[in-house]
Amino acid sequence: MSFPQQRLRRLRGSEAFRSMVQETRPNVTDLIYPLFVVEGSRTLEPIPSMPGISRFSPDRLPEEVQEIAALGLRAVLLFGIPAAKDATGSSAWRPDGVVQQAIRVIKKEAPELVVITDVCLCEYTSHGHCGVVRGREVDNDATLELLSRMALSHAEAGADMVAPSDMMDGRVQAIRNSLDRAGLTRVPIMSYAAKFASAFYGPFRDAAQSAPEFGDRRSYQMDPHNRREALREIALDIEEGADIVMVKPALAYLDILREARDSFLHPLAAYNVSGEYAMVKAAAARGWIDGEQAAEEILIAIRRAGADLILTYFAKEMARRWKR
Ligand code: PBG
């Protein structure tokens, strides 16, 4: 059968029909909201390159996390901005570090929120690289021990899940082993499995003060040209014990998401990163696009490509939009 019997417009004729045949249903429970926590007190600093997003000191979190929970969001992802940085990023595993403090505040104020922590040294090291630097190289194996300490310290402070974003080889296995040895077998790992060296992290590096002092991250983050390698990265993280695997960034990597969805059974997350957020905000501020609608369309595309979960700075905005 073909035209004129076949008419796809029949099921587009009313809102009711359209909603009945809608294939992708994005939901507030798919979204994870990133939060930047800065050491100190009474601080709530807006981030200029990410309109609507701020850095919070731990004492300013209660109101924010209650709002997040009230909107129906299930989870937050914490990034820490410490007061002091050094060559090894040692403030990352201090029991009273900024993220550790934030975890305790959130678990007290909004116990139902799933608290996920980003595990990476770049915000904590004086050189801004994601691992230990020897000469001008990032030393993979020496970094594993430090990442494990950091993840363990987050879990001991009460984090519900840890999310390594450094891209060192073997880090999922190292973190899994150290959590298990400490009896924290219940804490899952969401790995940034296929994380590409991307220009779309620009605003984040401002927000987290984590730009590398020399060079770039191309010796550990992935080359954007590579698709098969991304699948190998994901497969390895799964073998090492990742519970959820992530592709990052999302928008320029929808093909990777689709292929990962078709190739693996694990829950799949996508990170709708800072640059993707900033582009929408910048164009919307000029009146060039409808920002909310564009954001929603992007999130739909990410879900349609196969992501189960989306880490996004739009989470609060979308939660409000979908409530209306
Ligand atoms: C830390 C980290 C980065 C992001 C998440 N974790 C930055 C980077 O790798 O340079 C980027 C998030 C975003 O851009 O929203 N390694």
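Predicted model: local features only at pLDDT ≥ 70, side-chain atom pairs only at ≥ 80, totals over all residues.
Me: On strand E1, which residues lie on one side and which on the other, and are they buried or exposed?

Reply: Leu31, Tyr33, Leu35 and Val37 lie on one side of E1, while Ile32, Pro34, Phe36 and Val38 lie on the other, and all of them are buried (buried means under 20% relative accessible area and exposed over 50%, with partly exposed in between, for a 1.4 Å probe and protein chains only). In a regular strand the side chains alternate between the two faces of the sheet. Since 8 of the 8 residues of E1 (residues 31-38) are buried, the strand is largely enclosed by the rest of the structure.

Me: Which strands pair with E1, and in which sense?

Reply: Two strands count as paired if DSSP finds at least two bridges between them. E1 pairs with E4 (residues 75-81) in the parallel sense over 7 bridges, and within that pairing Pro34 stands opposite Leu77. E3 (residues 54-56) is also parallel to E1, with 2 bridges between them, and there the bridge partner of Phe36 is Arg55. A further 2 bridges join E1 to E12, again in parallel, with Leu31 opposite Ile310.

Me: Which strands pair with E11, and are its residues buried or exposed?

Reply: Strand E11 (residues 268-272) is mostly covered, as 5 of its 5 residues are buried. Leu268, Ala270 and Asn272 point one way from E11, and Ala269 and Tyr271 point the other way. E11 pairs with E10 (residues 244-248) in the parallel sense over 3 bridges, and Val245 has Leu268 as its bridge partner in E11. Toward E12 (residues 309-312), E11 forms 4 bridges, and these two strands also run parallel; here Tyr271 has Leu311 as its bridge partner. E12 therefore brings the reader back to E1, because DSSP bridges are what define a pair, and E12 is joined to E1 by 2 of them.

Me: How many cavities does the structure hold, and which residues are closest to the centre of the largest cavity?

Reply: A cavity is a set of points, on a 1 Å grid over the protein atoms alone, where a 1.4 Å probe fits but cannot get out, and its lining residues have an atom within 4 Å of a point. The count comes to 1 cavity of 30 Å³ or more. The largest cavity holds about 150 Å³ of space, where volume is the space filled by probe spheres set on grid points joined across faces, edges and corners. Of the 19 residues that line this cavity, Phe79, Lys195, Tyr201, Phe204 and Lys248 are the closest to its centre.

Me: Why are Cys120 and Cys130 in no disulfide?

Reply: A disulfide is a pair of cysteine sulfur atoms within 2.5 Å, and a search of the whole structure finds 0 of them. The cysteine sulfur closest to that of Cys120 belongs to Cys130 and is 3.5 Å away, which is too far for a bond. Cys120 is buried, with a relative accessible area of 1%, and Cys130 likewise counts as buried at 1% relative accessibility.

Me: What is the phi of Arg42 and of Met167, and are these residues buried or exposed?

Reply: Arg42 has a phi near 50°, a positive value in a residue other than glycine, and its place is in the loop between E1 and strand E2 (44-46). Arg42 is exposed, with a relative accessible area of 68%. Met167, which is not a glycine either, has a positive phi of about 70° and is found in the loop between strand E8 (161-164) and helix H5 (171-181). Met167 is buried, with a relative accessible area of 4%.

Technical notes: Residues numbered from 1 in each chain as written. Heavy atoms only, no water. 1 Å grid on protein atoms, 1.4 Å probe; cavity = no way out; pocket = protein on both sides within 12 Å on 5 of 7 lines; lining within 4 Å.
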